[in-house]
Amino acid sequence: MSEELKEKLFDKKENGWKSVNEEEKKAIFDFSKGYMDFLNQAKTEREFIKMARKLADENGFRDIIEFETLKSGDKVYFVNRNKSMYLAIIGTESIEKGLHIIGSHVDSPRLDLKPNPLYEDTEMAYFKTHYYGGIKKYQWTTIPLSIHGTIVKTNGEKIDICIGEDDNDPIFTITDLLPHLAQDQMEKKLKNGIDGEDLNLLIGSMPYEGRGKDQVKLNILNILNQKYGITEADLTSTEIELVPAFKARSLGLDESMVAAYGQDDKVCAYTSLVAMMELENVKNTAVCILSDKEEIGSMGNTGMESHMFDFFISEILNKLGVNKPNLLDKVFCFSKMLSSDVDAGFDPIYASVSDKTNAGFIGKGISLNKYTGARGKSGASDANAEYVAWVRNVLEKNDIHYQVAELGKVDIGGGGTIAYIIANKGADVIDCGVPVLSMHAPYEVTSKFDVYSAYKTYKAFWNA
Ligand code: MN
Ligand code: MN
């Protein structure tokens, strides 16, 4: 009797794999293979946007600049300074009924080069770095790192570089102290164990022929000059990022998980992008945001706080021939959004930081965060109950596993996404993404079941 009642009344939150048959398992694994291949070619925001643009071009999308006018069914995009991108499919319904937006970010925590990065010490050459986003610094030493980025010369010439990904490339690393001599270091608090100013990348040790000061630095500059035609001053107008040289791999004997760098938030960016490529005939205009600078507060003209997104939607209104005063505000007020960013997966090794009743678990499907914020929901964008119910209905109708979770225990910490930025414009927004273990570490872990659930969720949302 009670078993029956439990079955009827309890929120079961079952492991998703239990519901998967052989055919679905194959679909999940195949999808994850595509995801991992993509990750290996898109470790930085610029690389991701380049790949996204290529995929969009192959799937009938065109730059909005190429359109004189727009009509329903048109597929458009706008690439913002090679680092963020907005895509849209014009719906059959009047745009005044609102947009269906899915917004993720394509930047991930990493180490950026300082503007004057190169120096020599004790006949070793280094690049100085300034870390980007919330990292635990000790995790970034003694691992293979690759160099990705763009050098821009004063004549406007741009050079994209990527060293350390090909098996024949050299890699780079940041050294750490041997335990034998680390007595003082080991007494420090974990957060002070590695100093930000000590995250210097080892890049060379061979002197240029001849005598004098800085011969190793000279040799490095000579290599860079021969390869890219640049001088030391050219390094000041670059965006060069150090990321782990690891490849994305299947994790576990059962291969049920993905281990990879940058899954926050490329997992949601990739799954939403692929879902958008497969859409046809949407009712509400479907919009996909791939934003930049989320990890450092969404500021600047490629971050979500900028007006670039408003500009894109205004251009759509202009080219539909419907624009009028305040229409943009009206469109946002009637819009719905999934802020597709990752959630903290419950980690039994660190169970004490999570409320098990309200945590997101890997393998249990897409995770909804009604709110984020910290300390009494401060700074949170709290989704309205009506909207949560609407999203739940979409998920349940499409038979998608989901969980509603919080980031961690009350007062333990907190976090945020781009949700509040679009919510402040008047849209209904909820955070909706994949649970991740070891978030912001050089190697992050997700469940393939959840990756596939995200893809299904985003498709269902746009088709709703
Ligand atoms: Mn994120
Ligand atoms: Mn993050």
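Author: Ser32 is found in helix H2, residues 22-41, where helices (H or I, at least four residues) and strands (E, at least two) are DSSP runs numbered from the N terminus. This is a predicted model, in which local features need pLDDT of at least 70 and side-chain atom pairs count only at pLDDT 80 or more, while totals for chains, interfaces and linings use all residues. Residues are numbered from 1 along each chain as its sequence is written, chains are lettered from A and ligands numbered from 1 in the order in which they are written, and side-chain values use heavy atoms, with hydrogens and water left out.

Reader: Is Ser32 buried or exposed?

Author: Ser32 counts as buried because its relative accessibility is 0%; buried means under 20% relative accessible area, exposed over 50%, and partly exposed in between, with a 1.4 Å probe and protein chains only.

Reader: And what is Ser32 in contact with, leaving aside neighbours within four places in sequence?

Author: With those set aside, Ser32 is in contact with Val258 and Lys448, contact meaning heavy atoms within 4.5 Å.

Reader: Where does Val258 pair, then?

Author: The bridge partner of Val258 is Thr446, in E22. Strand E12 (residues 257-260) and E22 run antiparallel and are joined by four bridges; two strands pair if DSSP finds at least two bridges between them. H2 packs on the sheet and touches E11 and E12, its direction making about 0° with that of E12, where axes are lines fitted to C-alpha atoms, for helices over the stretch in contact, and angles run from 0 to 180 degrees between N-to-C directions.

Reader: Switching to the metals, which residues coordinate the manganese ion (ligand 1)?

Author: The manganese ion (ligand 1) is coordinated by His105 (NE2), Asp264 (OD), Asp341 (OD) and Asp341 (OD), at 2.1 to 2.6 Å. Donors are N, O and S atoms within 2.8 Å of the metal (3.2 Å for Na, K and Ca), and water is not among the atoms, so sites may look incomplete.

Reader: What does Asp264 bridge?

Author: Asp264 bridges the manganese ion (ligand 1) and the manganese ion (ligand 2), which lie 3.3 Å apart. Asp264 sits in helix H6 (residues 263-277), and Asp341, 77 residues apart from it, in the loop between strand E14 (336-339) and strand E15 (343-344). Both aspartates, Asp264 and Asp341, are buried.

Reader: Last one: how many residues of H11 are buried?

Author: In H11, 13 of the 16 residues are buried, which leaves the helix mostly covered.
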